[in-house]
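Work through these exercises with the model open. Try each task before reading its solution.

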Amino acid sequence: MCTTAKTAACPAEVPSSREQNPKSFSARPRPPVRRGARPGALELRGGSAARPLAARRPGLARPSAHGGADLREPPPAMPLRLSPRKHRRRPGDPDSPRAARRPEGNMSLAARRPHRREPLSLVNLRKRNLESGEEELASRLDHYKAKATRHIFLIRHSQYHVDASLEKDRTLTPLGREQAELTGLRLASLGLKFNKIVHSSMTRAVETTDIISKHLPGVCKVSTDLLREGAPIEPDPPVSHWKPEAVQYYEDGARIEAAFRNYIHRADAKQQEDSYEIFICHANVIRYIVCRALQFPPEGWLRLSLNNGSITHLVVRPDGRVALRTLGDTGFMPPDKISRS
């Protein structure tokens, strides 16, 4: 109703659509809300039905209330919430089945590997006789258990000419030949029955082997490329005086690790007597092998120091325990014959 009298005619009030047909609004179904849309993120534009902003594709133009295109980006949708995953046991967890089968004791990592290492991994448990049970399993395990001890002597090569550009020219110096003679005399004085000599194929290691083997007649010699000098792993903490290229760690590291896995392990089950083996190689290789055999962090290999012609003695027991008898022993050399370069 118009309340002013100054105007000549007052237009009649037009009733709203809700007042004209109230039942149509109450019975009209509400548009469904898609999953993933934020509560309260519905928008009415140009009288159209409500659509969740989160359901619209970002970057696409949508019509605006003025008939043009609205290029504004919609607000980001709520992140999708996933149900929490079930906890999966990791191999290192104490409750995992793999951890339950792990042998106890201070065994080296090489001794815990399945192939010709742990007797339980060599027995097919599916073929167990249900009648005899544990007795048969115990007898089969004894068949695969190691019975002998391995004595491993790691010898660093003697002093050589470091200034030579080619590897074949890096021969031993006169002092290096004297050091090899002293090392050979020391090994011979131990009175042990050495089984073999495994040496690196590099020139300085070959010449050191030739001199030492003269004092150990009858011991066979085997050359291998696995024991060649290299960069086993990036040292921690890093040093400033020695920084090889990163690719060298990948090339040499895999090879030196293969040498450790191939040579440092418990004795074979068929071996009845203790063995004494000599490995003549390089300082980096020996230091890395010692860290791996003792289960020390291998990144700390550069913290150890070895003299030329030094003797490192590792012992691998039948149960896989590893002991370090000596590390870089050069006490048999006169002080004026000791060098590290």
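**Exercise 1. Surroundings of a serine**

Leaving aside its neighbours within four places in sequence, which residues is Ser158 in contact with? Then decide: is Ser158 buried or exposed?

*Solution.* Keep in mind that this is a predicted model.

Step 1. Find the residue. Ser158 sits in the loop that runs between β5 (150-156) and α5 (174-189).

Step 2. List the contacts, skipping neighbours within four places in sequence. They are Leu172, Gly176, Gln179, Ala180, Thr208, Asn308 and Gly309.

Step 3. A polar atom of the Ser158 side chain lies 3.1 Å from the backbone oxygen of Gly176. The cut-off for a polar contact is 3.5 Å.

Step 4. Check accessibility. The relative accessible area of Ser158 is 0%. Buried means under 20%, so Ser158 is buried.

**Exercise 2. The nonpolar cores**

How many residues has the largest nonpolar core, and which residues have the most contacts inside it? Which element gives the most to this core?

*Solution.* In soluble globular proteins, nonpolar side chains tend to be buried together.

Step 1. Size the core. The largest one has 23 residues, and Leu154 and Leu227 have the most contacts inside it.

Step 2. Trace the contributors. Two or more residues each come from β5, α7 (246-263), β8 (275-281), α8 (283-293) and β9 (311-316). α8 gives the most, with seven residues.

Step 3. Zoom in on Leu154. Not counting residues up to four places away in sequence, Leu154 touches Phe279, Ile286, Ile289, Val290, Ser310, Ile311, Thr312 and Leu314.

Step 4. Look beyond this core. Another core, of twelve residues, lies apart from it; Leu187, Ile212, Tyr276 and Ile278 are among its members.

**Exercise 3. A strand pair and its helix**

In which sense do strands β6 and β7 pair, parallel or antiparallel? Which residue in β7 stands opposite Val198?

*Solution.* 

Step 1. Mark the strands. β6 covers residues 196-200 and β7 covers residues 220-224.

Step 2. Read the pairing. The two strands are parallel, with five bridges. Val222 in β7 stands opposite Val198.

Step 3. Together with α6 (residues 203-213), β6 and β7 make a right-handed β-α-β unit.

**Exercise 4. The whole chain**

How many helices and strands does the chain have? What share of its residues count as buried?

*Solution.* 

Step 1. Count elements. The chain has eight helices and ten strands.

Step 2. Take the burial. Of the 341 residues, 37% count as buried.

Step 3. The chain exposes about 21900 Å², with 53% of it supplied by carbon and sulfur atoms.

Methods: Residues numbered from 1 in each chain as written. Predicted model: local features only at pLDDT ≥ 70, side-chain atom pairs only at ≥ 80, totals over all residues. Heavy atoms only, no water. Helix = DSSP H or I, 4+ residues; strand = E, 2+ residues; numbered from the N terminus. Buried < 20%, exposed > 50% of the residue type's maximum accessible area, 1.4 Å probe, protein only. Polar contact = N/O pair within 3.5 Å; in protein donor to acceptor, adjacent residues only side chain to side chain. Contact = heavy atoms within 4.5 Å. Core = buried A, V, L, I, M, F, W, Y, C linked by side-chain atoms within 4.5 Å. Pairing = 2+ DSSP bridges. Right-handed = clockwise from strand over helix to strand, strands pointing away. Areas by Shrake-Rupley, 256 points an atom, 1.4 Å probe, with all protein chains shown as cover.
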